[in-house]
Structures are given as structure tokens and as C-alpha cells.
Amino acid sequence: TSKKPASPGLLTMPDSRHFILGTAGHIDHGKSSLVRALTGTDPDRLPEEKLRGVTIELGFAHLTMEAPEATYELGIVDVPGHADFVNNMVAGGGGMDLALLVVAADDGWMPQTEEHLHILSYLGIERVVIALTKADLVEDVEFACEFVRECLKDTSLEAAPLIPVSSITGDGLDELRAAIITILADAPAPVDFGRPLLPVDRAFIVKGIGTVVTGTLSGGVLQVGDSLRLYPGDQTARVRTIQNHSASIASASPGMRTALNIPDLSVATKQRSGVSRGTLLTSTNAGEPSDTLNVLLHRLTREVPGQPATRKVVPSGRRVRVHHGAGSIGARIYYLEGSSLAPGDTRIAQLRFDAPRFALVGDRIVIRDWSGQGTLGGGLVLETSATRRGFRSETQAAFLQQRAAAPDSLPHLLRSVIQRDQVIDRATLHLPLRASGPAIDATLSELIAAGDCTELGDQIADAAWWASTVGECASQVADFHKRQPDLPGLP
């Protein structure tokens, strides 16, 4: 995105590190109270939430933490814990850099605690701090900690820091802040690959201003005046103003909670299409949506209490809900090998959506059953714009297995598609990947230097295939000259 001068009167952001912290945990375990104690902001904004004392929708707050090495600006997403609102929890979990898993000391490990553990695992969220809330209500805090540790055995969170806290007395809050800073100190900055992505988690109209949307920005910088494309809907609109935590700014960077005023778009209703939660705003050159994705799926061995679906196999052809970004969509699931996905299994699968959806290689997804009552698994996007025909062909199977072996390796991702397609436009290589243009070009240069591929103008070819093709052409030309020595060459 080209740089534009800041508009008069707008604040420029200080040299700070921006991250998203999301809460997770069972209903009434004190997530919102803990956010309020940390930030001074009540994330429950709906009258029904205040009346019932239960988080129903996503709530948001802001926390600034000073450390010697940096200032940490945390956008906090408070998610619901009740089973009926798990879909909202998944919507809030997609953009987390750090999760705060909340367990009440007086209640212990509960069904939604377990389900949120599954969701964090499927979303690939590795940075987690566990807050043992309501520590002032139990006599033996050490025993409560040991109980939670026992529940975390053999999970990805087994070694996560566990901090007893009380939102009432304030005990443990300083230790919790210190644990958060320690984890984020080693966290890489959110990746900027030049294509801003804003999964919309709220959309509303402000009188005299027009449509406002909020979300967690990733992928690239957004500036006032930029044009964005809406998926689904295929509408374009210009950004009039940008805010971060109620402050007007000239541009927003990846990792920021971002509010955009986009008066060109309408808020969706039952009667008309438009922007709403689950839609996506991105740059106009980001690529095209697809109704078919190839993915690597995994299921945990542990079941969620009260969810029978979590201990049953998921057969091929089953209709499921796929949660991606801030929304969900219906799909049917098919496996490259085998006829079902059992607890503990990892399989390559194809998801055939009800409608096209925009995604990138490396995106995380969560699979829930069609009724929305059970979390079945999750995984990683291996290929966008996939084709349904030939899904199980030998060539396609080799391509997907190669990608699944190292899904986070850029050289591996590039090499796999070049070997499968044999020759491909350089621009096409850039579109589906969560990597910047310079990073992709540098990796291609390394592959060319290593003899893995060959540059042919604006195209990249598999080196072995190209050498074989050139050799075959040379052989045919030589044979022609032997048979027709009087002619100048092949017609």
C-alpha cells in the first residue's frame, strides 16, 4: 500500500507493539470481571448482558502495559463462555495473539473450559496464560492450582503459566500482567504481507457518520482513503476514517483492533446484502473467493463433557459448520484417504462450501457439527481455489501430502505447487499465500539458485520438468533434421 501523508488533526501511533488478547473459559468464571479489573472497561455492553450477568456477544477493551523494552498495546476480546454462545467465542478467537484461559478456583475445570481448550488448540494459539480467578473464595489455592494442572496434562497448555488472581481484591493482577509481558516479549510482530484483511465482527450505523465496522486487522497496513473489497458481496468502498481504541489515526497496522467508517457500504439486513459479522474487507487485489478448500484436519483425543459428537467419528460426506475468520459457513467434508475422522486422527480433507469464501493458505479453521452443539476438530488451509474433480488423483495427493508435511515452510509451499503445475505465473504464486512479495521473490531466488526451479520471464518452471521438456524438444528437432535434411527446420 502506498504511503499517504497523515491528515491534519489525526494522531500518529507511537512506536508500540500491538497484540490481541482474547479471553476463554466457562460461563460465570469471571472473564469479564477480570477484564474490567485489568482495564477499567466493562466489556459487557448489551443491556441483556448486564441484566443476566452473562457475556452473550463479543466484548472489547484496551490495555496498555509499559515495559523497559517496549510499550504493549493490547486489544482485548472478551468472549462468551456459555455453551449457547460458543459460535461467538470462535468468531472472537481467530485473531488472538495470546489467550487468557480463565478457570474459577471455586468451580474448577468445566465443560466449556474443555471446549475452549479444544478451540484454542485448533486455532493454533500457542501463547496462553491461565488465570485462576476467584482465588479469594477458596481456602487452599495451591490445591486448586494442582487440580487445574492435572486437567492440563498431555495438552498443548501443560506448561502454560498459571496465576491465581482475584478481581475483587486485586491480588495476583500484577503477576498476571508480568506473565503476559513475558510471553509477548518473545512474540513476533504480526506479519505484514501487503494485503490488509479485516474480518468484520461488528457492523452498525452511526447517525451523521454512516456505516462503521470493527475487527482485528491482519495482513497489511490500512490507510485513510484506501479502497477495500467486501466478501461476500463483491462490493468496493473507500475508507473515510480509521480509529483504534476510540482514537482517530491516519493508518492502522496488523495486530490492531480497528474501526473503519465506510459510508459506501450498507449494513446487511434480511432484505438487503451488505456488511455484517462474518464478512471480510480486504484490498482490491487480494484474490478471489472459492467454494472449495483443501485442508489438514485434526481432532483431539479428549472429549468435551456433554457433547456426544466429540467422541464419534465424522464420516466422509458429513455436513458441518466451518468457522473461519469472524464467521461460519456450511460445508460437506471429504477425505483424501479413509472414510472418516475419529478422535485423535489427522487427515487431509476437502471442504465444499455452500457459497464461495475468501481464504489464504495457512488460515486456521474450526469444524463444528451442523447443529452447532459440538466442536469436532480444526485445522489448516493447504490450498485455496481447489478443484473437486481430481481431488484424489495421484498428482494432487502427492501435492497435498507434501504441503501437509511442512505447512508453515514458505520454500515447501512454493516448491510443492511448482512441482505439481510444472510451470506457473510468478503473480499467481503470490496470491494465496500469507507472505509478502519480497519474501516470496527471495525464496524463489533461493530455489532457482539451488536448481529446484527455473525462471522463464514472468513464469517459474520446475527445473527437472523444464530440462526434460527442452531435451525432448531438442531430440524432436534433431530427428526432423535427420529425416528432412533439405528443409530449414520444423514448420
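## Aromatic pairs

Phe19 and Tyr72 are both buried (buried is under 20% relative accessible area, exposed over 50%, partly exposed in between, with a 1.4 Å probe and protein chains only). This is a predicted model, where local features need pLDDT of at least 70, side-chain atom pairs count only at pLDDT 80 or more, and totals for chains, interfaces and linings use all residues. Residues are numbered from 1 along each chain as its sequence is written, and side-chain values use heavy atoms, leaving out hydrogens and water.

The structure holds three aromatic pairs (rings of Phe, Tyr and Trp, the last by its six-membered ring, pair if their centres lie within 6.5 Å; planes under 30 degrees apart count as stacked, over 60 as edge-to-face and the rest as tilted). One of them is Phe19 with Tyr72, stacked at 6.4 Å centre to centre with 25° between the planes. That pair links distant parts of the chain, with Phe19 in strand β1 (residues 17-25) and Tyr72 in strand β3 (residues 71-78), 53 residues apart. Strands (E, at least two residues) and helices (H or I, at least four) are DSSP runs numbered from the N terminus.

Then there's Tyr231 with Phe358: the ring centres are 5.1 Å apart and the planes sit at 15°, so this pair is stacked. Here too distant parts of the chain are linked, Tyr231 being in strand β10 (residues 227-231) and Phe358 in the loop between β22 (346-357) and β23 (364-369), 127 residues apart. Tyr231 and Phe358 are both buried.

## Charges over rings

Two arginines are worth a look here. Arg352 lies over the face of Tyr334, 4.3 Å from the ring centre, and the charged end of Arg420 sits over the ring of Phe399, 4.1 Å from its centre. The rule asks for NZ of Lys or CZ of Arg within 6 Å of the ring centre and within 35 degrees of the ring normal.

Pro232 is in the loop between β10 and β11 (235-238).

Asp28, in the loop between β1 and α1 (31-39), has a positive phi near 65° without being a glycine. Asp28 is exposed, at 57% relative accessible area. Ser385 isn't a glycine either, yet its phi is positive at about 50°; this residue lies in the loop between β24 (375-383) and α7 (394-405) and is partly exposed at 45%.

## Cysteines

Taking a disulfide as a pair of cysteine sulfur atoms within 2.5 Å, the count is zero. For Cys145, the nearest cysteine sulfur is that of Cys151, 12 Å away. Cys145 is buried at 16% relative accessibility.

Cys473 is partly exposed at 43%. Its closest cysteine sulfur belongs to Cys453, 19 Å off and too far for a bond.

## The cavity

On a 1 Å grid over the protein atoms alone, a cavity is a set of points where a 1.4 Å probe fits but cannot get out, and lining residues have an atom within 4 Å of a point.

Lining the largest cavity are Leu297, Val314, Ile333, Leu341, Ile367, Leu376 and Gly377. They divide into six nonpolar, one polar and no charged (Ala, Val, Leu, Ile, Met, Phe, Trp, Tyr, Cys and Pro count as nonpolar, Asp, Glu, Lys and Arg as charged, and the others, Gly among them, as polar).

Note on methods:
On a 1 Å grid over the protein atoms alone, a cavity is a set of points where a 1.4 Å probe fits but cannot get out, and a pocket is an open set with protein on both sides within 12 Å along at least five of seven lines; lining residues have an atom within 4 Å of a point.
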